[in-house]
Amino acid sequence: MKKVSNILKRKGSNVITITPDITVLDALKQMAEKNIGSIVVEENGNYIGLLTERDYARKVILKGKSSTTTLVKEIMTTGLPRITPDNSVDTCMQIMSENNIRYLPVFENDQLCGIISINDVIKETILTQEETIEHLQNYIHS
């Protein structure tokens with residue numbers, strides 16, 4: 001069974017971070033520049049939350065706030081379930097589905113070592129299915 005560590009090996013564990021005291025607009029600019037849908041919020045080098053496109057849509061736009069004056073700390077998501085590199089991809093799917101979330105922070109020894117998205121989980125599942133199909137085809141043809 002594939003694990004979170006497989007996803008991190010494939011995509012890397014590079015994490016883009018911001019501080020909670022910057023404006024939402026500045027955070028969105030960084031996300032657009034890096035073509036990412038979420039960004040880690042750190043304070044004094046410690047993970048404190050995640051800012052997502054969904055946070056922006058639901059907590060700024062729909063509430064009539066301004067992204068130029070609203071700070072990240074006002075809208076970021078905190079308290080996301082934490083996973084480890086040893087968690088299975090199936091476990092991640094279950095956590096994401098039960099909590100209606102698209103991102104999970106990955107921790108090893110209480111240190112953030114990556115973020116996985118629902119897209120990462122889907123890609124890993126597809127790769128696993130392709131490997132299974134290839135093994136079955138090889139078995140049939142041998």
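Q: Contact means heavy atoms within 4.5 Å; which residues of H5 and H6 meet on that criterion?
A: From H5 come Val 89, Cys 92, Met 93 and Met 96, and they meet Ile 118, Val 121, Glu 124 and Thr 125 in H6. By class, this contact of H5 with H6 comprises 6 nonpolar residues, 1 polar and 1 charged, where Ala, Val, Leu, Ile, Met, Phe, Trp, Tyr, Cys and Pro count as nonpolar, Asp, Glu, Lys and Arg as charged, and the others, Gly among them, as polar. The model is predicted, so local features need pLDDT of at least 70 and side-chain atom pairs count only at pLDDT 80 or more, while totals for chains, interfaces and linings use all residues. Residues are numbered from 1 along each chain as its sequence is written, and side-chain values use heavy atoms, with hydrogens and water left out.

Q: What is the secondary structure of the protein chain, and in which pattern does it run?
A: The protein chain has 6 helices and 5 strands, taken as DSSP runs numbered from the N terminus (H or I of at least four residues for helices, E of at least two for strands). Along the sequence the pattern reads α-β-α-β-β-α-α-α-β-β-α, and the C-alpha atoms fill a box of roughly 65 × 30 × 30 Å along the principal axes.

Q: Why is H5 called oblique to H6?
A: Helix H5 (residues 89-99) packs against helix H6 (residues 118-141) at an angle of about 140 degrees, with the axes 10 Å apart. Angles under 35 degrees count as roughly parallel, over 145 as roughly antiparallel, 65 to 115 as roughly perpendicular and the rest as oblique, and H5 is therefore oblique to H6. The crossing of H5 and H6 is left-handed.

Q: What makes H1 roughly perpendicular, rather than roughly parallel, to H6?
A: Helix H1 (residues 4-11) and H6 pack at about 100 degrees, their axes lying 10 Å apart, and this angle makes H1 roughly perpendicular to H6. H1 contributes Asn 6, Ile 7, Arg 10 and Lys 11 to the contact, and H6 contributes Asp 120, Val 121, Lys 123, Glu 124 and Leu 127. These residues divide into 3 nonpolar, 1 polar and 5 charged.

Q: What makes Thr 70 count as buried, and which residues are in contact with Thr 70?
A: Thr 70 is also in the loop between H3 and H4, and with a relative accessibility of 4% Thr 70 counts as buried. Neighbours within four places aside, Thr 70 is in contact with Ile 22, Thr 23, Val 24, Val 60, Lys 65 and Ile 75. The C-alpha atoms of Thr 70 and Thr 23 are separated by 5.6 Å, although these residues stand 47 apart along the chain.

Q: Why is strand S5 described as largely enclosed?
A: In strand S5 (residues 111-117), 5 of the 7 residues are buried, so the strand is largely enclosed by the rest of the structure. S3 is mostly covered, with 5 of its 7 residues buried, while in the protein chain of 142 residues the buried ones make up 35%.

Q: How many bridges pair strand S4 with S5, and in which sense?
A: Strand S4 (residues 103-108) and S5 pair in the antiparallel sense over 6 bridges, and two strands pair if DSSP finds at least two bridges between them. Ile 116 in S5 is the bridge partner of Leu 104. S4 and S5 form a hairpin with 2 residues between them, and Asn 109 in the turn has a positive phi of about 55 degrees.

Q: What makes S1 and S3 the edge strands of the open sheet?
A: The open sheet holds 3 strands in the order S1-S2-S3, with mixed pairing. Strand S1 (17-18) and strand S3 (46-52) each pair on one side only, and they are the edge strands. S3 runs antiparallel to strand S2 (residues 38-43), to which 6 bridges join it. Val 40 stands opposite Leu 50, and Ile 39 has Leu 51 as its bridge partner in S3. In the hairpin of S2 and S3, with 2 residues between the strands, Asn 44 takes a positive phi near 55 degrees.

Key:
Axes fitted to C-alpha atoms, helices over the stretch in contact; angles between N-to-C directions. Left-handed = near helix turned anticlockwise from the far one by under 90°. Contact = heavy atoms within 4.5 Å. Buried < 20%, exposed > 50% of the residue type's maximum accessible area, 1.4 Å probe, protein only.
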